[in-house]
Amino acid sequence: MTQETTAGPAGGTGGGTGGGTEIGLHRVLEPAGVLPQAAHRLDPDPRIRPDEVRVAVERLNLDAASFRQLRTAHGGDPDAVRAEVLRIIGERGKMHNPVTGSGGMLVGVVDEAGPESPLGLNPGDRVATLVSLTLTPLAVTDGLAGWDGRSEQVPARGHAILFARSIAAVLPDDVPVPPALAVMDVCGAPALTRRVVEARAASGAAPVVAVLGAAGKSGCLSLAAARRAGAARTVGLVPSAAEAERLAASGLADAVARADARDPVAVSRAVAEAAGGPADVTVVCVDVPGCEHGAILATAQGGTVVFFSMATSFPAAALGAEGLAADVTMLIGNGYVPGHAQYALDLLRAEPGVRTLFTARSGADPAE
């Protein structure tokens, strides 16, 4: 490694993990004193410090809430969506949607790993970053010329920087990159669902689990995880007849319910009819805002609501539960549970219903 490479980004002094470099404080350009996720702008300088890793970017995966917002804001115009993503990355040094506050993750090949990096990555490893693009220094060099602006997955060229406290997983050889990226983008959802359901089942009462947005990526994986973890009954809620048909065909849910997740009364009634009463555990995987109250109303007293959507509003959830006199535990899925990537990939490999729903989204069997 050359002296130029180890010098680190502008304003830095190098030298391992001191001074907050392990969490990326040296990459924050403004405002000073905040962590990279909260920063308005990061420094994506390609020169790495001894505990950093530089990744040559191949593909970004925008999170569903962010992509939906961008598409809606620009009337579905793919050129305008592409220009907006480029603008955000160029201005902020990361992909951090200022409206949704979310980003996504990426796939790329390790270009250089500092000698003090604890991530165990080597040059040539194809990896998926399991930390948000909202805290990942990123530069794009191809103008996103290979992206049509119509999908969450974005072919791209450029580089990204991983810190010592970042998380990345080497991609498996038996799963193509697009479905592997899609799975790893949401792998925290099934892992935490399993933990919550197992804990309740171990207490002596197998829970009824309802998943809102059950035909999507995180939704179908959460359904599969809930069943494996010992759920007494699984209910998948979707908004349309087409999604209900696909979900029913997958066999992942014991019952399929239809309702707009933004309509609290409709959600509560649909879940109760399908489950024979309110759910013990409700998992929210819907990528639109306004779904907090329906999830709370559909959950039994003493139950648990797990929010995985980046569109979730904490004030709406907290004040809504208070206003409904709902004695429920509310969890915000933070995207990280130890072993989450491998667990989600195992579900994709082992559950035909999960593969069916992923195929419906991508048009190709991820097992092939």
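Modeller: Let's start with a rule: a charge sits over a ring if NZ of Lys or CZ of Arg is within 6 Å of the ring centre and within 35 degrees of the ring normal. This is a predicted model, where local features need pLDDT of at least 70 and side-chain atom pairs count only at pLDDT 80 or more, while totals for chains, interfaces and linings use all residues. Residues are numbered from 1 along each chain as its sequence is written, and side-chain values use heavy atoms, with hydrogens and water left out.

Colleague: What makes R194 a charge over the ring of Y343?

Modeller: The charged end of R194 is 3.8 Å from the centre of that ring, and the cut-off is 6 Å. R194 is listed as sitting over the ring of Y343.

Colleague: And how many aromatic pairs are there?

Modeller: The count is 0. To pair, rings of Phe, Tyr and Trp (its six-membered ring) need centres within 6.5 Å; planes under 30 degrees apart would be stacked, over 60 edge-to-face and the rest tilted.

Colleague: What does T136 touch?

Modeller: Contact means heavy atoms within 4.5 Å. Beyond its neighbours within four places in sequence, T136 is in contact with residues including L42, K94 and I161.

Colleague: How do you know that T136 reaches the backbone oxygen of S132?

Modeller: The side chain of T136 gets to that oxygen at 2.8 Å. A polar contact is a pair of N or O atoms within 3.5 Å, one able to donate a hydrogen and the other to accept it within protein; residues adjacent in sequence count only if both atoms are side-chain atoms.

Colleague: What makes β3 and β4 a pair?

Modeller: Strands are DSSP runs of E, at least two residues, numbered from the N terminus. Two of them pair if DSSP finds at least two bridges between them. β3 and β4 share 9 bridges, antiparallel, with V57 bridged to G108 in β4. β4 and β5 pair over 3 bridges.

Colleague: Which strands stand at the edges?

Modeller: The open sheet has 6 strands, in the order β6-β7-β3-β4-β5-β8. β6 (138-140) and β8 (168-170) each have a single partner strand, so one side of each has no neighbour in the sheet.

Colleague: Why is β4 called largely enclosed?

Modeller: 9 of its 10 residues (104-113) are buried, so the rest of the structure largely encloses β4.

Note on methods:
Helix = DSSP H or I, 4+ residues; strand = E, 2+ residues; numbered from the N terminus. Buried < 20%, exposed > 50% of the residue type's maximum accessible area, 1.4 Å probe, protein only.
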